[in-house]
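The following exercises are to be worked with the sequence and the structure at hand. Each task is followed by a solution in steps.

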Amino acid sequence: MGRGKFKGKPTGQRRFSSAADILAGTSAARPRSFKQKEAEYEEDVENESEEESEEESEDDADVKKKGTEAVIEVDNPNRVRPKTLKARDLDASKTTELSRREREELEKQRAHERYMRLQEQGKTDQARKDLDRLALIRQQREEAAKKREEEKAARDAKKVEGRK
């Protein structure tokens, strides 16, 4: 308990015991005169806890309350209590629903795969443009190759005439 405005140690902090700590006997400052009362209380608590443990549900058992939850009972409708499932209770045939982000990611991948398939088949606009460009380049290369062949033939003909 606090002793006024001065601290016990220069680096220490004040520590206040809650009613639950005092009754449980875990508080730092506990008068020795309460030993008999504590013994009676512990017997009562043990008897009650045995009866309650049979009646308590599994989701409320062993939940350590934080802060003022131990003192004040608060029912928060937004609080999600973790559900513990046992292996025998799991249903293997049940499919889990995907989150929105996961669904969108799968749709995006499928759309990309579909587009790439159409691209390979040449059914998209971009594929058609690429094929047209490729055909034009091939035609230009064929014309350039014919022109080179003609020039080479003309040079060879000049060499033959020059030797005669």
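A residue is called buried when its relative accessible area is under 20%, exposed when it is over 50%, and partly exposed in between. The structure shown is a predicted model.

**Exercise 1. Fold and burial**

Determine how many helices and strands the chain has, and what percentage of its residues is buried.

Solution.
- Step 1: The chain has 4 helices and 0 strands, and its pattern along the sequence is α-α-α-α.
- Step 2: Of the 164 residues, 4% fall under the cut-off for burial.
- Step 3: The chain exposes about 16,700 Å², and carbon and sulfur atoms contribute 49% of that area.

**Exercise 2. The span of helix H3**

Compare the span of helix H3 with the span expected at 1.5 Å a residue, and describe the phi angle of the residue just after H3.

Solution.
- Step 1: Helix H3 covers residues 100-121, which amounts to 22 residues.
- Step 2: The expected span is 1.5 Å times one less than the number of residues, and for H3 this gives 32 Å.
- Step 3: From first C-alpha to last, H3 reaches 32 Å, close to the expected value.
- Step 4: Just after H3, Gly122 adopts a positive phi of about 80°.

**Exercise 3. Salt bridges within helices**

Find the salt bridges of the structure and explain why Arg100 and Glu104 are separated by about one helical turn.

Solution.
- Step 1: Side chains of opposite charge can pair when their charged atoms come close.
- Step 2: The whole structure contains 3 salt bridges.
- Step 3: In one of them, the closest N and O atoms of Arg100 and Glu104 are 3.2 Å apart. Arg100 and Glu104 are 4 residues apart in helix H3, so about one helical turn separates them. Glu104 is partly exposed, at 41% relative accessible area.
- Step 4: Asp125 and Arg128 form a salt bridge at 3.1 Å, N to O. They stand 3 residues apart in helix H4, so about one helical turn lies between them. Asp125 is exposed at 54%, whereas Arg128 is partly exposed at 42%.
- Step 5: Arg133 and Asp130 also form a salt bridge, with their closest N and O atoms 3.1 Å apart.

**Exercise 4. Charged surface patches**

Identify which residues form the negative patch and which form the positive patch.

Solution.
- Step 1: The negative surface patch consists of Glu40, Glu42, Glu43 and Asp44; Glu43 belongs to helix H2, residues 35-55.
- Step 2: The positive surface patch consists of Lys152, Arg155, Lys159 and Arg163.
- Step 3: Arg155 lies in helix H4, residues 125-163. Its relative accessible area is 51%, so Arg155 counts as exposed.

Technical notes:
Residues numbered from 1 in each chain as written. Predicted model: local features only at pLDDT ≥ 70, side-chain atom pairs only at ≥ 80, totals over all residues. Heavy atoms only, no water. Patch = residues over 30% accessible without salt bridge, like charges linked within 9 Å, V, L, I, M, F, W, Y side chains within 5 Å. Areas by Shrake-Rupley, 256 points an atom, 1.4 Å probe, with all protein chains shown as cover. Salt bridge = Lys/Arg side-chain N within 4 Å of Asp/Glu carboxyl O. Lys, Arg positive; Asp, Glu negative; His and termini not counted. Charge placed at Lys NZ, Arg CZ, Asp CG, Glu CD. Helix = DSSP H or I, 4+ residues; strand = E, 2+ residues; numbered from the N terminus. Buried < 20%, exposed > 50% of the residue type's maximum accessible area, 1.4 Å probe, protein only.
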